[in-house]
Amino acid sequence: MVKGRQLAHAAVFVPLILAAPAGASAQTAPPTLGILANQVLALFPKVDGEVLEVQGTTVTLSLGQRDGLVAGVELTAYREGRELRHPKTGEILGRTEEVLGRVAVHQVQEAYATGAVVGGSDIRPGDKVRVSAGKIKLTLLPIVEGVKGDLAEAATYELVEALNRTGRFQVALGDAINVWIAQQKIKRQDVLEGKGLAQLGPRYKIQNLLVVAFSRAQNKPYMDVRLFTFPGPNALLTTALFVPPSIKATPKGDFSAAGKPRESQTPAPTRSLLSRLLTGELDAGTYSSGETSMPLKEVAKFPFAVVAMDVAVAPQDQIPRMVVTDGERIYLYKIVERVLEPEWTYQPDARGRVFSAQFADLNNTGVLDVVVNRYHPNPRLLLNSFVLTTQGGKPAVLVEEVPDVLLAVDANGDGIKRTLWTQPFAQNGFFKKGEAQRVSLKDGKLVAEARVRVPSTFRATGATFANIAGKGSQRALAFIDEYNRLRIAIDTEDLWRSATPVGGGGVKLEVMTHIERGGRSYLHLGTSTARRGPRR
């Protein structure tokens, strides 16, 4: 049970102990991280109530046990204002809201509860309190000391999966926060006590931080867990548990970044360049970093941030070309003797910002088409992608007003992307999980041909096909998942994923979700990194 806090900054301690009933079998199911996920979930019930009375800093609320409220929950206090109506239809959209602060619940009765104001002031009877019914943004921060990294990673991954299964959280990993903590030389124990973390809220725009500190106790892997809310930090949950014995470190050569096969495995044939890049098994001087790296030469310098780019050789004239976008315009160049020669520039209308551009030959004409994805947060616009081609040396639109994410793929491995996939847009998460279709271009429209089997973690931006198992084998799909992990899959089966996040920066796409009163915005990261300065 989560015990109520007596002071605003006091933590709630929840021991993870499974009490076996008398006569229970010794084979009772061992604890899992689902228990921890459920304890975190209990601190974010979907409730909406009213302030009944205020005496000093003590607040009485119209919410109680019957509403699912428990001690330790923090609610947002707000005041409703004027009514909002659509200027054309007259539809009531809701009311304006003024956020007043937060209320920490201390004691919960059947029909009411009392708590204390822990942030803000001027809360009056009649004001409203709630825990959002939308997805809660939760940043997960693993700290590893004295435990093997692959075991900590496996436990972290299972916890993320357990939190996702609740359908209540939007989970992100706090890798950048770990770097900042190391730079600030904040000790592990200080992090667990919330010391030195006040800057995290405004610096990284986080609302809730779940700290999982791995160590060893009684010669077993152990987890200290803290849940902080921001601004603050204010501790909502303090608990600890042994890493469940069901969690095992990922075997090398099976589903990890290790490239060497296990002894029981048959030696693999010579693999592709991508496969060897992933596993680090490259001969010196072939394609690596450091002293044996390939010499680089500056080709061009752009006066803008490059949001996305692609390079391909046109089948018709065998001239390599580069497409570049700054988010507003599309630039097409020929690459002649390592010099960029402008071919055309296309500026679409203002119904969105471009976040990816890819080459393809969709009509098998030998002329490179440009597949463009763009997005606008206005709910009436959202995704409106299009495809360009070159006619008479000028850009021409092949298809427009596509409400899906477009992905050009080289399904056969012949070096030219001739196939087009679409992934539906989802208001919750941007990419509709596990959904993709193969389409063809007919009479200026995209026509669905067949559904494509992809993993549930598939995201179309930044995805590509590769001969990961060598030529002649089935083509594998490489993509970046929502946690910035590189994944390799065939059909719906995962073959490999990176042990750490890859890439950085990226295009941020705001998705506005209309919930409760007034709505909520979520930011989703694309896979293209915007950079300024020379392109090499």
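A contact here means heavy atoms within 4.5 Å of each other. With that in hand, here are the views of this predicted model.

View 1. Let's begin with the overall picture. Of the 536 residues in the chain, 45% count as buried. The chain exposes about 27,700 Å², and carbon and sulfur atoms supply 50% of that area. Among contacts between residues at least 6 apart in sequence, 53% join residues at least 24 apart.

**View 2. Strand β10, residues 220-229, and its cover.** Eight of the 10 residues of β10 are buried, leaving the strand mostly covered. Its pairing partners include β9 and β11, which the next two views take in turn.

**View 3. The hairpin of β9 and β10.** Strand β9 spans residues 208-217 and runs antiparallel to β10, with 10 bridges joining the two. To find your place along the pair, look for Val212, which stands opposite Val225 in β10. Two residues lie between the strands of this hairpin, where Gln218 takes a positive phi near 55°.

**View 4. The hairpin of β10 and β11.** Here β10 meets strand β11, residues 234-242, in an antiparallel pairing over eight bridges. A handy landmark is Asp224, which stands opposite Ala240 in β11. Four residues lie between β10 and β11 in this hairpin.

Terms used:
Residues are numbered from 1 along each chain as its sequence is written. This is a predicted model: local features need pLDDT of at least 70, side-chain atom pairs count only at pLDDT 80 or more; totals for chains, interfaces and linings use all residues. Side-chain values use heavy atoms; hydrogens and water are left out. Buried means under 20% relative accessible area, exposed over 50%, partly exposed in between (1.4 Å probe, protein chains only). Accessible areas come from the Shrake-Rupley method with a 1.4 Å probe; for residues, only the protein chains shown count as cover. Two strands pair if DSSP finds at least two bridges between them.
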